[in-house]
Amino acid sequence: MEEFKRVSSLLTIEGVSKRIHGKLILRDIGTKESPFVIHDINRPNRIQGQTVAIVGASGSGKSTLFKMIAGIYPPTTGTIIIPDEEKNNGSFKEVEGGDIGFVQQSYPLSRNQTVQEMLHDAAKQGKIPKNERQHVVDSYLETWNLKDQRYLSKNQLSGGQKQRVAIIEQIICSHHFMIFDEPFSGLDVRNIDDVKTTFEKITTTSDLGTIIFSTHDIHLAVELADLIYVIGFEKEKSVCKPGGTVIKSFDLMEMGLAWKEYGAPHRELNAEIQKLIKDS
Amino acid sequence: MKTIEKVFTPLVEVRKSMIWTIGSIQLCVLLFTWAYLVPKPSFFPTLGEVLRAWGDLWNHGLFFHILATLTICGIATVISIVISSAIAYSTRIPFFRPIGYLFTKLRYNPIQGFTLFLAMTTGGGRNLQVTLLVIFMSFYFISALISILDEIPEEDIIRRKAERMSNWKILWKVVIVDRLDYLIEVIRLNLSMTFMMIVSVEAMDKSQGGLGALLVDTNRGLNFPKVFALQLTILILGIGLDEALKSLFKSFPANKKYE
């Protein structure tokens, strides 16, 4: 097993549930029996952030959970806690919109702005000083291979380019903690590789670099994640309880599967998760 | 597929130049029919008669009537857009939502019932004309704008919230600035109704001049070549404005094509 150490918590979900128009969408996320905590991971002589996958059937509440983690929707009950970076004294606060970057499945962008204008907006929102913004935007455009697209608008970008702009916007704004809602959905092989590279960039440039993503591709979840939460519906006397919840979690670091080539143990885990989702 | 076969097949893409060629041929056929195949004597004026009538109208101040019509149309459009935008955008604020939606229903109310009341209130003349046009246009602008705002995807709002933007800033960035081109499109799509209305409005007070006043007077004298000449003038003006607004709409980044 690879050597690693859990340092402080980066995100803690405690007893969260969510009702929308009276309907229970999620319940009891982060309990004593099934905690939902993402830690800062330390690996000797390596910069290592964390990659967390959330898997589950459609309609189990993954997107709603993401919107709550991103601070867009307030939970109906419970709290979502993150370190208070502004105070920088080890204190914690409830998550707010903008604390965590949120890259949505459809990669929405402004209709009437160029790529450069969108990134300038993000830099302004990310509180980057005015005199540094152009430099920051330029360096991202260079690193993410979008230099030639800086004056183009959303309509003139390819799917992959839109995706990269949406990701950079959120990185500029929220720095190291990112949520990706189904980032692999509808992508071709090359674009899937691009997203994998993106994940690697985020998690290997800072120890605090953290990604939470959802996917229906269990193979990719097992391949990329260090921690997997399976969301589904608990059954009581073969009847599903209302509201999705964490039915099981897998700590691939403890299991010795994280940061390793995909092999037989990964395949077994893949099969186990698939069975869990089918049965839930 | 052969070109001839293509142009008669549904849902087939043809070159833009081909559409222009077909359009030009059709226009020539129409003009030829009008010029040479209209039976005589007939109430339907020939192309030559209409052109001569147009020349006569031009020599008798058509330009100033066009200017009067464009002025009243421009003033009413600007006022209407300001009022309609304010009402439509305010529907994003829950407190103002009911009043905004009420305005959309008022378009079913015929304006003719209020003309006397408005004439007394505004003092008639240019003020009455502008007021009638503003009221008429605003109901349609508000309805069209609100339906566009209702279609704003939730993802666009979430994206900006994830960028730490306040709700007011999101209103400005996502609802107003990011959809400014739609405002132009709403004006363009409603312009034809404005032009239909302008004839009736200008006819109410002919002392202000304008194409509508001229058309009503000409119609009364059964001078069909002049009536046709005026109708064509209004049509050409409308098409010109429509094309200008279409160009403006296309100049927005959102409507630039993939390169």
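First, the ground rules. This is a predicted model, in which local features need pLDDT of at least 70 and side-chain atom pairs count only at pLDDT 80 or more, while totals for chains, interfaces and linings use all residues. Residues are numbered from 1 along each chain as its sequence is written, chains are lettered from A and ligands numbered from 1 in the order in which they are written, and side-chain values use heavy atoms, with hydrogens and water left out.

Start with the interface. Chain B puts 27 residues into the contact and chain A puts in 32; contact here means heavy atoms within 4.5 Å. The size of an interface is often given as the accessible area lost when the parts come together. For chain B and chain A the buried area is about 2600 Å², with 42% of it on carbon and sulfur atoms. Buried area is the accessible area, taken with a 1.4 Å probe, that two parts lose on being put together, summed over both. On the chain B side, B:Arg159, B:Glu163 and B:Arg164 lose the most area to chain A, together 27% of what that side buries.

Next, the polar side of it. Across the interface there are 23 residue pairs in polar contact, both residues at pLDDT 80 or more. A polar contact is a pair of N or O atoms within 3.5 Å; within protein, one must be able to donate a hydrogen and the other to accept it, and residues adjacent in sequence count only if both atoms are side-chain atoms. Three helices of chain B, H8 (154-161), H9 (167-176) and H10 (180-204), each supply at least two residues of the side that touches chain A. H8 of chain B gives the most, with seven residues. Helices are DSSP runs of H or I with at least four residues, strands are runs of E with at least two, and both are numbered from the N terminus. By class, that side of chain B has ten nonpolar, one polar and 16 charged residues. Ala, Val, Leu, Ile, Met, Phe, Trp, Tyr, Cys and Pro count as nonpolar, Asp, Glu, Lys and Arg as charged, and the others, Gly among them, as polar.

How many salt bridges are there between chain B and chain A? The count is four, where a salt bridge is a side-chain nitrogen of Lys or Arg within 4 Å of a carboxyl oxygen of Asp or Glu. B:Asp181 and A:Arg111 form a salt bridge at 2.8 Å, N to O. That pair runs from helix H10 of chain B to the loop between strand E7 (101-103) and helix H2 (115-125) of chain A. Is B:Asp181 buried or exposed? B:Asp181 is buried, at 0% relative accessibility, and A:Arg111 is buried at 11%. The cut-offs are under 20% relative accessible area for buried, over 50% for exposed, and partly exposed in between, with a 1.4 Å probe and protein chains only.

A:Glus169 aside, the remaining pairs are quick to list. A:Glu169 and B:Arg159 have their closest N and O atoms 2.4 Å apart in a salt bridge, and both residues are buried. B:Arg160 pairs with A:Asp121 in a salt bridge at 3.3 Å.

Last, the cysteines. The whole structure has zero disulfides over all chains, a disulfide being a pair of cysteine sulfur atoms within 2.5 Å. B:Cys73 is buried at 4% relative accessible area, and A:Cys240 is partly exposed at 39%.
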